[in-house]
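I opened my notebook to go through this one piece by piece. Here is what I looked up, in the order I looked.

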Amino acid sequence: MAARRAVRGGTSPESSSEITSGQTHIRSAKPTLPKKQKALSLQLSARGQWSMWPAFAAGQTVLRNHKPCSAPEERTCSNEQALLTIPKPRHLEQLESYLRKELQTLDLTKGISQELKLQPYREIFEFFIDNFKTYKPLLSAIKNEYEATLAHQKEMIRALEPLKAMVTTVSEECTQQILALQEKEKVEINTLKQEKHHLLKFIDNMKEEKCSLQTQVEHLQMSVAEEYTRYLQEYGARKLLLAKLNDMHNEQLNVKQHQAQEKAVKGEDVVKLTLALKMARQDLTKAQVKLNAMTAEYGDVVPRRRFESLEKKYSDLLQEMKTLRKDFDQLHEEYGTLLEIHRETAEERDSFFTRLQEAERSHTPRPNWAKCSEVIPGGAERWDCLAKGKSSHQLVDVLLEEIGTGVLKEMNVFRGWGKGNKVPVHLRYEGEVKNKKPTKKDVVNILKDIWKEKTALDQQTGKRSSLPEFFLSYLQKKYGDASAVEWSYTLSEYMRLCPSNHVMSSFYEILTGKVAEEQYHSQNQLISDLQKELAACDSYSSGSLPSEQFRMALREAFPLKRRDAIQELVDASMFSLDSDDDFIDYISLFKEDEEGNPEPFVAKLRSQYVSEKQEYLQELKNSLGDVTEVDADDLKAAFCRIDPEISDQTLDAYIGLAYQVRREQPDQEVVPVDTILERLCVGDVRRVGPSPRKESTTDFEGE
């Protein structure tokens, strides 16, 4: 700008001298420039002054597809004609030609296309800085400030990357919680709907039964009325029949008396006969009056036996109707309660649905784990096998494990750890160690063979040997001293990078001293005992058991487990069932794939073993209270409080493990509680008998 102003409007002596010195310097430095800079050297006019090419024309000729930041929309005709008549400087044309060639040679399809595109402009700017000696400090300061700003922006972007991962993790956790709430709500709503339908059906049945009983009562009343009418008619007919019989009998008596009188008239007294006739007529009148009175009094009376039978039947029907009325009122009240619960549940459902929509709008979507099958060796089939039954957190571990093993296969050598005393026995080596690059299957088979050889040696010698020393001796015996270290480093790296594989992770934890070897053998013995128990329950040796019998076998094998833990094992056993059959193939539950990965049932059994051990140690810590240090006697008392059925031998073993002493050595040392818990966590420590708290709860429920 200063040079342009000097040319157009006249320059001061100082500026003219600067320009002249700059021109002289450029001309003198021109022969020493490299080829690129020589092609881009400044062009001066014939008079030794700066070019008069318009500044606003340069922005339109460098890149035709770039728009200026604030170019005017209308230009006058005079400016356009001037632009066409004024020739472009040669140096400007060379700069534009160089820039255009550099941009065309770039590959802008890569992820860093913007940085590649910036490089030609940076070179052009450096040419200007080198050629303009007078303005070089200012232009260099501007360039450095832009470079510092770009570096600062890159650092900020790199610092925000962990935040992006954290946001993704939080989004996954929120999504899991929302899905869990949806599943729980769905189950409760389905249960309430089923119960509502059941109650509605029950109410309809009760109404139908009530109508049926009402119809029976009306029918019985009509039957009683008909019977009563029939009995009245029979009673009237009976009275008429009796009257006729009496009349006939009286006529027969009169005939007999008349005949007797005729026979005895001759010898009897007339006065006596008249008196007898008068008395007979009086008796007849009394009998007739009495008969009429009885007829009037008992004309509407039914037999006592029939009356008692009808009265009993009526009382039974009345009592049954009262019972039904009471049940109906109770059902009506329960129905109202269920309607209120249903209304509250619907409101909660609407509230959760609203929260779900808000969460879906504010959180990022769940990752599409199916895309991992495109980059994992083995394709979709192997990824489906790896991702089967795993959560997002576990899938991340599996993905990291695959990435780690992939990187490990590309490594050719390992760096030795040295030969110091702190280095494990099997890793003491200086220099580079060759990577054997085995497969996971090979590593698992080697580790299983090591366990087999070590178990046989321990049974033969009667004592348990050190796993690191046996590990090194096994490799030396099988592969020789030269390759033993290479295999030791290779197997150690594979075990370290594969925590999801039980065979590798358990061997690595025991090898590094994080877990005692007794815990590994205890878990295997637990699984073996369960297999024997299931086989004993299978009387037909078919290899499968009904689900209820399978549940009973689990309770027999694990009497100390809670009901929810037993249910988790049953659910894990049904995880791989392809049909709705109630039979469980218990033999397939203990199978492993070629890489040593067990079925979900065995994995759940091992995870419960670890969680029960942690729960047992937490109860021990709670029983010790707020003390920071504890001696052997107090620790024994705490064990007896939380596990009353523990034997003396087991208790001595736990105390020896906690205080790192043998039975014959004194154990009165005071040790911090945290140290004791860490030592017990390494060993095989578990509950022997039921918890006293659970027993008291069970007794209370029984009362």
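**Entry 1**

I started with R230 and E227, which both sit in helix α8 (residues 136-264), three residues apart, or about one turn of the helix. Helices here are DSSP runs of H or I with at least four residues, strands are runs of E with at least two, and both are numbered from the N terminus. A note on what I am reading: this is a predicted model, where local features need pLDDT of at least 70 and side-chain atom pairs count only at pLDDT 80 or more, while totals for chains, interfaces and linings use all residues. Residues are numbered from 1 along each chain as its sequence is written, and side-chain values use heavy atoms, with hydrogens and water left out.

R230 and E227 form a salt bridge, with the closest N and O atoms 2.5 Å apart. I counted a salt bridge when a side-chain nitrogen of Lys or Arg is within 4 Å of a carboxyl oxygen of Asp or Glu.

Next I checked accessibility, where buried means under 20% relative accessible area, exposed means over 50%, and partly exposed is in between (1.4 Å probe, protein chains only). R230 is partly exposed at 36%, and E227 is partly exposed at 24%. I also found E227, R230 and E234 linked in a network of salt bridges.

**Entry 1: more salt bridges**

How many salt bridges does the structure hold? I found 20.

R343 and E340 make one of them, at 2.2 Å from N to O. They are three residues apart in helix α10 (residues 304-362), so about one helical turn separates them. R343 is partly exposed at 38%, and E340 is partly exposed at 35%.

I then turned to E619 and R687, whose salt bridge has its closest N and O atoms 2.4 Å apart. This pair links distant parts of the chain, 68 residues apart: E619 is in helix α19, and R687 is in the loop between α22 (673-682) and α23 (692-702). E619 is buried, with a relative accessible area of 14%.

Is helix α15 enclosed or open? Eight of the ten residues of α15 (residues 502-511) are buried, so the helix is largely enclosed by the rest of the structure. I listed the buried ones as H502, V503, M504, S505, S506, F507, I510 and L511. They pack against α13 (440-461), α14 (467-497), α16 (517-537) and α19 (600-624).

At the start of α15, a side-chain oxygen of N501 comes within 3.1 Å of the backbone nitrogen of V503. Just after α15, G513 has a positive phi of about 85 degrees.

E517 lies in helix α16 and is buried at 8% relative accessibility. Which residues does E517 touch, leaving aside neighbours within four places in sequence? With contact meaning heavy atoms within 4.5 Å, I noted W451, K454, D458, R464, S465 and I510.

**Entry 2: two loop residues with positive phi**

Most residues other than glycine have a negative phi. K437 has a phi near 55 degrees, a positive value in a residue other than glycine. K437 lies in the loop between β2 (432-434) and α13 and is partly exposed at 38%.

S541 also has a positive phi near 55 degrees. S541 lies in the loop between α16 and β3 (544-546) and is exposed at 63%.

**Entry 3: cysteines and the whole chain**

I found zero disulfides, taking a disulfide as a pair of cysteine sulfur atoms within 2.5 Å. I looked at two cysteines: C174 is partly exposed at 22%, and C537 is partly exposed at 22%.

To finish, I noted the overall totals. The protein has 23 helices and six strands. Of its 703 residues, 26% count as buried. Of the contacts with a separation of 6 or more, 66% are between residues 24 or more positions apart.

Key. A polar contact is a pair of N or O atoms within 3.5 Å; within protein, one must be able to donate a hydrogen and the other to accept it, and residues adjacent in sequence count only if both atoms are side-chain atoms.
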